[in-house]
Amino acid sequence: MEKRILIDLNDKANWLYESTSPPTPGGTIVEENRVILMPEGEHRLFAFTDAVMHYAEDAYQMSHDHRSGFETFFVDSGSMEFYSQGKVATLKKGDLIHIQPFVTHGMVFNEDTRYRGIFQDWAVIDDFPETYRAKAFDPDASAKIAASGAPASYDFNIHDAKNYVRAEASEIPAVRNPERPLAQYKFDGVTLNQVVGRWETYGVREIWQAKLEKGFSAQWVDFPLLPELFYVTSGKVKFTVYGEEYTAFEDCLVKIPKFAPHSIIAETDAAMYDLGGLSMWELFLADYTAGTHTPEDVKSLKDKYKIQIKSFGGLQK
Ligand SMILES: [Fe+2]
């Protein structure tokens with residue numbers, strides 16, 4: 001399981017832990033959640049979930065904040081009302097939400113809605129394996145654990161969002177869309193759209209969407225020091241990892257372990273997110289596009305910003 005590289009989110013074999021939210025007073029289960037990847041390392045990165053959310057007549061927006069942890073959600077289908085910082089807007093496929101500590105957020109789903117989450121410093125997911133095991137043993141285990149005074153794994157505060165003002169999605173700071181990028185850089189065969197900045201993750205990572213043209217290719221350095229995680233949302237991208245080929249398509253993750261030699265070629269026009277985000281792309285691209293550089297300059301910029309690409313931006317016809 002640890003060696004998974006190509007992960008089709010729609011293949012149940014890739015769902016590590018499944019859980020559901022408690023029913024509403026009217027008896028509707030709003031959330032069916034699946035953990036796809038467990039957190040790793042100091043900042044608990046690479047944790048990924050896939051959830052199907054359902055409409056409930058008596059759904060409550062449950063606006064809340066937490067004092068630690070970062071949640072980034074991608075709306076993949078359906079529609080939802082998103083409550084945050086005094087405003088409420090309707091979100092649809094293509095929108096994403098980046099929630100930082102202290103940012104209020106609540107959601108009501110208008111229909112069956114699939115959304116996916118990537119997390120940072122989010123202790124909740126660490127407990128999933130043992131919670132899952134306890135619930136398999138006793139269906140009431142979660143309630144019994146809570147009643148026994150187990151400390152909450154995060155500081156959670158509920159707010160009443162009933163007077164929030166109707167707004168456009170673009171007016172809510174936490175809502176992002178690659179059509180409204182924070183920064184954008186275009187090269188031959190690829191457009192890079194930043195949707196989360198490093199200044200919004202305590203400096204740990206950043207999130208970009210890459211729109212690839214058919215034939216675009218990129219090769220990473222031979223034994224990259226940083227792991228990577230890609231999320232393909234349209235088209236087909238062939239990854240070669242340790243000499244093995246994997247064709248990723250819509251709704252696939254590709255998890256590249258550290259040290260793994262890898263390259264990509266877009267088999268069709270495609271879009272994918274770089275979710276690992278450890279390379280400092282924004283600073284690198286700002287400097288790289290600011291002038292002409294000798295090969296030595298480019299190498300020192302790559303070293304400075306942890307850019308692990310060897311060749312980039314070429315279209316192979
Ligand atoms: Fe939350």
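1. Among contacts in the chain between residues at least 6 apart in sequence, 71% join residues at least 24 apart. The model is a predicted one, and the points below should be read with that in mind.

2. Overall composition and dimensions come next. The chain holds four helices and 25 strands. Its radius of gyration is 20 Å, close to the 20 Å that the globule rule gives for 317 residues, so the chain is as compact as a globular protein of that length. The C-alpha trace spans about 65 × 45 × 35 Å along its principal axes. Of the 317 residues, 33% are buried.

3. The largest nonpolar core has 66 residues. Those touching the most other members are A47, F82, V175, V237, L253 and M272. This core draws at least three residues from domain 1 (6-176) and at least three from domain 2 (183-315).

4. M272 deserves a separate remark. Leaving aside neighbours within four places in sequence, M272 is in contact with A210, F230, Y231, V232, T233 and V237. One of these, V237, is itself listed with M272 among the core residues that touch the most other members.

5. Strand β9 (residues 96-99) is buried at every position. L96 and H98 point one way from the strand, while I97 and I99 point the other way. In a regular strand the side chains alternate between the two faces of the sheet.

6. β9 also has pairing partners. Strand β6 (residues 70-77) pairs with β9 in the antiparallel sense over four bridges, and F74 has L96 as its bridge partner in β9. Strand β14 (residues 175-176) is joined to β9 by two bridges, and these strands too run antiparallel. Here the bridge partner of L96 in β14 is R176. A separate set of four strands forms an open sheet in the order β10-β7-β8-β13, with mixed pairing. β10 (106-109) and β13 (165-166) stand at the edges, each with a single partner strand, so one side of each is left without a neighbour in the sheet. Strand β8 (residues 87-92) pairs with β13 in the parallel sense over two bridges, and V88 stands opposite R166 in β13.

7. Helix α4 (residues 295-304) is hardly covered: of its ten residues, the count of buried ones is zero.

Technical notes:
Residues are numbered from 1 along each chain as its sequence is written. This is a predicted model: local features need pLDDT of at least 70, side-chain atom pairs count only at pLDDT 80 or more; totals for chains, interfaces and linings use all residues. A residue is buried if 20 or more other C-beta atoms lie within 10 Å of its own, exposed if 12 or fewer, and partly exposed in between; C-beta atoms are placed from the backbone. Two strands pair if DSSP finds at least two bridges between them. A nonpolar core is a set of buried Ala, Val, Leu, Ile, Met, Phe, Trp, Tyr and Cys residues joined through C-beta atoms within 7 Å. Domain bounds come from an automatic or database domain assignment. Two residues are in contact if their C-beta atoms, placed from the backbone, lie within 7 Å. The radius of gyration is taken over C-alpha atoms; the globule rule is 2.2 Å times the number of residues to the power 0.38.
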